[in-house]
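Here's a protein to look at together.

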Amino acid sequence: MTEDLNTPYPVTAAQVAQFNRAGFIRLKDVLSAETLRHYGEEITRLTIALNTQTLPLDERTTYDKAFLQVMNLWEENETVREFAFGRRVAGIAAALLEVEGVRLYHDQSLYKEPGGGITPAHADQYYWPLDSDRTVTAWIPLQAVPQDMGPLAFFEGSQSVEFGRDLGISDESERMITADMQRHGFPVIDGPFDLGEVSFHLGWTFHRAGPNRSDQPRSVMTMIYMDRDIRLKAPENAMQEADWARWCPGATIGEVIDTPKNPVLFEKRAA
């Protein structure tokens, strides 16, 4: 299974062009069913064990109804570290971003419980103190995601829109960003994910997810990659201040984010 995690996945020029145009791409057969089952069991176990959310769903905020989340699982467990450091997915990220290499920003498991609510519309990079848009999130379902389980949905072509970039995940972001996307006429690409299918989206691509109406949890692992040479910028909001301290400790504004928490996971010359 480590071979499955580290064998190159061919990314075509047409796929890179599609990614640049749409701000995201969904790729089939990135990881095998066996690999997802093996590592998914441990990721799910740790997510449940380390989760600190104890309120019933009906007493939570919209944000907290969306999912249980635990970050940097790679630091907790060698099995998850193998998964998070896999060169296959990191290599896809580098190819799509058209950069020489990528670093880890952080990982994040997202466990949408049965009955869990929507994930409001947002752009991830609102949270990140990074000086360029060469960032990508790999959304890796650990099982097939039918429509009633709340698959990730994208506003196609929205990555260049400035409006909404100052909004965190909230009822307000869902209302205001969705309305703005409709004004622009961006299509919403929303559909089930097959087992082994992985999506990749830019940090400024707006996206959301529906509720989990099924009786099964939706277990997802996300990997956030950034250009190997990306630099820390002065934070523009409290979330970016917190991310600097948590995910890039010791990094200096204006310099490459080269810390023990941000290892290089793929370089073209090492392929």
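Q: Leaving out residues up to four places away in sequence, which residues does Arg60 touch?

A: This is a predicted model, and in it Arg60 touches Gln53, Leu55, Lys65, Leu68 and Glu113. Arg60 itself sits in the loop between helix 3 (33-50) and helix 4 (62-66).

Q: Why is Arg60 called buried?

A: Its relative accessible area is 9%. Buried means under 20%, so Arg60 gets that label.

Q: What makes the link between Arg60 and Glu113 a polar contact?

A: The side chains of Arg60 and Glu113 come together at 2.7 Å, and the cut-off for such a pair of N or O atoms is within 3.5 Å. The side chain of Arg60 also reaches the backbone oxygen of Asp64, at 3.3 Å.

Q: What makes strand 2 and strand 3 a pair?

A: Two strands pair with at least two bridges between them. Strand 2 and strand 3 have 4, in the antiparallel sense. As for Val70, its bridge partner in strand 3 is Ser109.

Q: Is Glu98 buried or exposed, and how do you know?

A: Glu98 is exposed, with a relative accessible area of 52%; the label calls for over 50%. Glu98 lies in the loop between helix 6 (87-97) and strand 3 (101-112). Glu98 also has a positive phi, about 60°, although it is not a glycine.

Q: How many aromatic pairs does a search of the whole structure find?

A: The search finds 7 aromatic pairs. One of them is Tyr63 with Phe67, whose ring centres are 5.9 Å apart and whose planes stand at 75°.

Q: Why is the pair of Tyr63 and Phe67 called edge-to-face?

A: Ring centres have to lie within 6.5 Å, and planes over 60 degrees apart count as edge-to-face. With 5.9 Å and 75°, Tyr63 and Phe67 pass both tests, so the pair is edge-to-face. Tyr63 is partly exposed at 26% relative accessibility, whereas Phe67 is buried at 8%.

Q: What puts Arg26 over the face of Phe193?

A: Arg26 is 3.8 Å from the ring centre, and the distance limit is within 6 Å. Arg165 likewise lies over the face of Trp204, at 4.2 Å from the ring centre.

Q: Why do strand 4 and strand 7 count as edges of their sheet?

A: The open sheet has 4 strands in the order 4-9-6-7, with antiparallel pairing. Strand 4 (119-122) and strand 7 (188-190) each have a single partner strand, so one side of each is left without a neighbour in the sheet. The twist averages 20° from one strand to the next.

Q: What makes strand 4 and strand 9 partners?

A: They pair in the antiparallel sense over 2 bridges, and at least two are needed. Thr119 stands opposite Ala209 in strand 9.

Methods: Residues numbered from 1 in each chain as written. Predicted model: local features only at pLDDT ≥ 70, side-chain atom pairs only at ≥ 80, totals over all residues. Heavy atoms only, no water. Buried < 20%, exposed > 50% of the residue type's maximum accessible area, 1.4 Å probe, protein only. Phe/Tyr/Trp six-rings, centres within 6.5 Å; stacked < 30°, edge-to-face > 60°. Lys NZ or Arg CZ within 6 Å of the ring centre and 35° of its normal. Axes fitted to C-alpha atoms, helices over the stretch in contact; angles between N-to-C directions. Polar contact = N/O pair within 3.5 Å; in protein donor to acceptor, adjacent residues only side chain to side chain. Contact = heavy atoms within 4.5 Å.
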